[in-house]
Every structure is written in structure tokens, then in C-alpha cells.
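Subject: Structure handover

Hello,

Here is the structure I promised you. Please open it first, then read my notes below.

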Amino acid sequence: MLFDDIMESADFIRTRDTRRPKVGLILGSGLGSLAESLEDAAAIPYSEIPHFPSSNVPGHEDRLVIGKMDGTEVAVMQGRFHYYEGHGMQRIVYPVYVLRKIGVEKLIITNACGAVNPAFRPGDLMIISDYINLLGLNPLIGENDERLGPRFPDMSEAFSNDLRKKAELSAWRLGLSFRTGVYGLFNGPCFETAAEIRAYSMLGADAVGMSTVPETIVANYLGMQVLGIACITNMATGLAKEKHSHEEVLRTANESSENLCRWIKVSVMKCLA
């Protein structure tokens, strides 16, 4: 059963590190460098954790790192899982359940995505205000276990207003510019068509990507507060002047990672502690 698997995973992690970090991070493509800066770090490959899935997407290191960031204990997922890899929804979000069981109460989710809003530019950082899920899939479909969360969880504040305000204040104090917008989930692995991007725009999306939403749903279900920060790596189809490539995504994400890491490490983490 899911609950028993989660407990087995959490118990294994505690055999490697007994700390109970209250803050967790899920790092997107090309944004894994933040984990490298942790102090007193313990890294556990996903392949060693019972029941954990694995990813083969370039730009993802596939390990859980527990350590300190400016004195705050954190658990960092250096790599995530995607629907387009063939994982079922429950597999994609499984690590979020485990993070909650090892103590995480506040979750920062980052990603690399494309801009639907024509005012945005590659390299921009965007605080996610809300999401649009057009997959027709939800990781909570199926039998519910009340030991984990309620049958019908509320999503009126999927991304914590409190954490968003703290992130905004941190950015202003650092002199970092940022955007705020709605994130649209696309299944991938192909990039979107121009017609699909026009549809997302009409629905109110400012950016589109292939992750983040399933993890956000389950984090809310588990009673966690969520902060989402997207790195705009390209203009979406119909807005871009060149054809898309994952190499382009990684290049721009790497270029923007310094500002994102500074934002989280220097200020956001202090606000969340």
C-alpha cells in the first residue's frame, strides 16, 4: 500500500540522516546547482531509496540532498519526475509524500518553462500565482487514505500567499526583478504547437511547462505550503523566432540559476525558516 511504501522510504532516509528539515526544494532542469552549495550535506541517490522512481532527463542529478542553507536545514530534490517519462501520476508525486514524512512543511518548487505572455523574456524569473491543469489527470485520483489527507482538498490557495509575499520582499531587497503569473501544465515531451499556445493564452496562462502542478496538488493535500518559482527559458511556440531544443532550455536555466540561487539562499530561505 502507498502509506506503507512511504513510511519505508522515510525510515530508510532516517537511517542515512536523522535531521527533520522543515523546508524542501524541488529543483527543475538546469537548476540543480543550489544543492551543491549546502553545508553539512548528505546526498542519497534516488536509486538507493526504497520505492523511489528515477529520471533520465538531462539536467537532473537524481538524488536527495539534506543539509544546511544559511543555517536552515533543508531537503533538496536534485531532479524530479515527469509524466512524459512514462511515470504514472502517483509515481511522479511519490517523493512529495516522503518529504512530508521526514518533516517538510514548506515546499519550494522550481522549474524551467516557456513564456506564453509576450511581455516576458528568456531569463526572467516568475513567481507562480496559480496553475492550469489541462492533462485531465490528477495524482489524487483513486482510493483515498485519510492518514495522508482529505478526500476533497482545497486548492483556492495552491501557492501560499504568505510565501509569495515573502519571496517578493526578498527579491526587492536583493534588487532582483521578477514576474508573477499563471503556470499552464503541458504533458510533453514534444514542445507545444502554436495553436496550443494560443489556447493556453486565452485561458490565462503566462507560462507553460511539463512539471510542478502534480507536486503542488499533493503538497496541498498533505497540508504543506507551496512557493513556485519558474525560470523562463524560452518564448513559447508562435512567439519564439527559433525552433525549440532542450539544450536551449538548459543553457538559459544555467544562466539564470545564479540569480535564482541567490534569491532562495540569501533571502527566501530565511523568510521560510
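The second largest pocket holds about 250 Å³ of space. The model is predicted, so please read everything here as computed from a prediction. Lining this pocket are 15 residues, and those closest to its centre are Leu-2, Gln-90, Glu-143, Asn-144 and Asp-145. Helix H1 (2-16) and helix H3 (89-101) each give at least two residues to the lining. By class, the lining of the second largest pocket has nine nonpolar, three polar and three charged residues.

Searching the whole structure turns up one cavity of 30 Å³ or more. The volume of the largest cavity is about 50 Å³. Its lining includes Phe-81, His-82, Tyr-83, Met-89, Ile-92 and Leu-135. Leu-185, Met-210, Ser-211, Thr-212, Pro-214 and Glu-215 also line the largest cavity. H3 and H6 are the elements that supply two or more residues to this lining. Eight residues of the lining are nonpolar, three are polar and one is charged.

How do H3 and H6 pack? Their axes are 9 Å apart, at an angle of about 50 degrees; H6 covers residues 213-221. That angle makes H3 oblique to H6. The crossing of H3 past H6 is right-handed. On the H3 side, the contact is made by Met-89, Ile-92, Val-93, Val-96 and Tyr-97. On the H6 side, Pro-214, Glu-215, Val-218, Ala-219 and Tyr-221 take part. The residues of this contact are nine nonpolar, no polar and one charged.

Two backbone points remain.

- Gly-188 and Pro-189 are joined by a cis peptide bond, with omega about 5 degrees. Pro-189 sits in the loop between strand S7 (179-185) and helix H5 (194-203).
- Asp-40 has a phi near 50 degrees, which is a positive value in a residue other than glycine. Asp-40 belongs to strand S2 (residues 39-45).

Best wishes

Terms used
Residues numbered from 1 in each chain as written. Predicted model: local features only at pLDDT ≥ 70, side-chain atom pairs only at ≥ 80, totals over all residues. Heavy atoms only, no water. 1 Å grid on protein atoms, 1.4 Å probe; cavity = no way out; pocket = protein on both sides within 12 Å on 5 of 7 lines; lining within 4 Å. Points joined across faces, edges and corners; volume = space filled by probe spheres on them. Helix = DSSP H or I, 4+ residues; strand = E, 2+ residues; numbered from the N terminus. Nonpolar A, V, L, I, M, F, W, Y, C, P; charged D, E, K, R; others polar. Axes fitted to C-alpha atoms, helices over the stretch in contact; angles between N-to-C directions. Parallel < 35°, antiparallel > 145°, perpendicular 65-115°, else oblique. Left-handed = near helix turned anticlockwise from the far one by under 90°. Contact = heavy atoms within 4.5 Å.
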